[in-house]
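Subject: Structure handover

Hi,

Here is the structure I promised to pass on. My notes follow below it.

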Amino acid sequence: MAPVLDIDVTWAPGRSVRMVVAGEGPPLLLAPGAGAGQDHPLNAALRSALSERGMGVASFDYPYITEGRRSPDPADTLLECHRSASLALAGHSGADPARVVLAGRSMGGRMASMLVATGHPCRALVLYAYPVHPAGRPERLRVEHLPRIGVPVLSFRGSNDSMSRPGEYDRWVRPLPMVTTVDLEAVDHGWRAKGRSTGDVVDHIAAETVRWLDGLA
């Protein structure tokens, strides 16, 4: 069992969030999706699966989760908290911030990608179920910043993901030169798949993540 440590991350004067660090290995920061904290079963399972494969995985909650609110904070607030968590993980692990892998599910991946697009340092970016558009609204694209990302990107896309229709993903994300896409057949946005357990899907995603990161070296 990978060791687990709780850390308070101060991201603004008088405001902090909880960060959980599991494992002792190359640092990876895992951000949650909208409406779900880091202890949601799906996020916790991914954190555990990655740490068991040798990563030093830190997850955290955005302020609205910590403070008991349902609606996500404005993007600027989410990004400032995300930036602080990244720097806190670098400090905890003794790594240069440019060696931290930024990863996130859905909204957490979007925030990670926006942070990297502003020039925040990291080793690589891993996007789990990136929300190319809101469900049912393919015209509301969330891709304008992606070409500004200057690090390798690994993107996991389920073929049944309602927030990543194939036409939009294949036009705006898949062709980007820094992006490697892993296609998840018959998997939806919540990583459910007929005939497969969610645990099996998470294990596959974790194994592919670590294999890809090992290949970067």
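Helix α3 (residues 75-93) packs against helix α4 (residues 107-117) at an angle of about 80 degrees, and their axes are 10 Å apart. Axes here are lines fitted to C-alpha atoms, for helices over the stretch in contact, and angles run from 0 to 180 degrees between N-to-C directions. So α3 is roughly perpendicular to α4 (roughly perpendicular is 65 to 115 degrees, under 35 is roughly parallel, over 145 roughly antiparallel, and the rest oblique). From α3, the contact uses Ala75, Leu78, Leu79, His82 and Arg83; from α4, Met107, Gly108, Met111, Ala112, Met114 and Leu115. Contact means heavy atoms within 4.5 Å. By class, these residues are eight nonpolar, two polar and one charged. Nonpolar covers Ala, Val, Leu, Ile, Met, Phe, Trp, Tyr, Cys and Pro; charged covers Asp, Glu, Lys and Arg; the others, Gly among them, are polar.

This is a predicted model: local features need pLDDT of at least 70, side-chain atom pairs count only at pLDDT 80 or more, and totals for chains, interfaces and linings use all residues. Residues are numbered from 1 along each chain as its sequence is written, and side-chain values use heavy atoms, with hydrogens and water left out.

Next, the other helix pair. The axes of α1 (residues 41-52) and α6 (residues 198-216) come within 9 Å and cross at roughly 45 degrees. That makes α1 oblique to α6. On the α1 side, Leu42, Ala45, Leu46, Ala49 and Leu50 make the contact; on the α6 side, Thr198, Val202, Asp203, Ile205, Ala206, Thr209 and Val210 do. The classes here are nine nonpolar, two polar and one charged.

Where does His145 sit? His145 is in the loop between β6 (124-128) and β7 (153-160). Its relative accessibility is 4%, so His145 counts as buried (under 20% relative accessible area; exposed is over 50%, partly exposed in between; 1.4 Å probe, protein chains only). Leaving out residues up to four places away in sequence, His145 touches Arg110, Ser113, Met114, Ala117 and Tyr130.

Now the whole chain. The protein chain has six helices and eight strands. These are DSSP runs, numbered from the N terminus: helices are H or I, at least four residues, and strands are E, at least two. Buried residues make up 54% of the 217 residues. Among contacts between residues at least 6 apart in sequence, 68% join residues at least 24 apart. The C-alpha trace spans about 45 × 35 × 35 Å along its principal axes.

Best wishes
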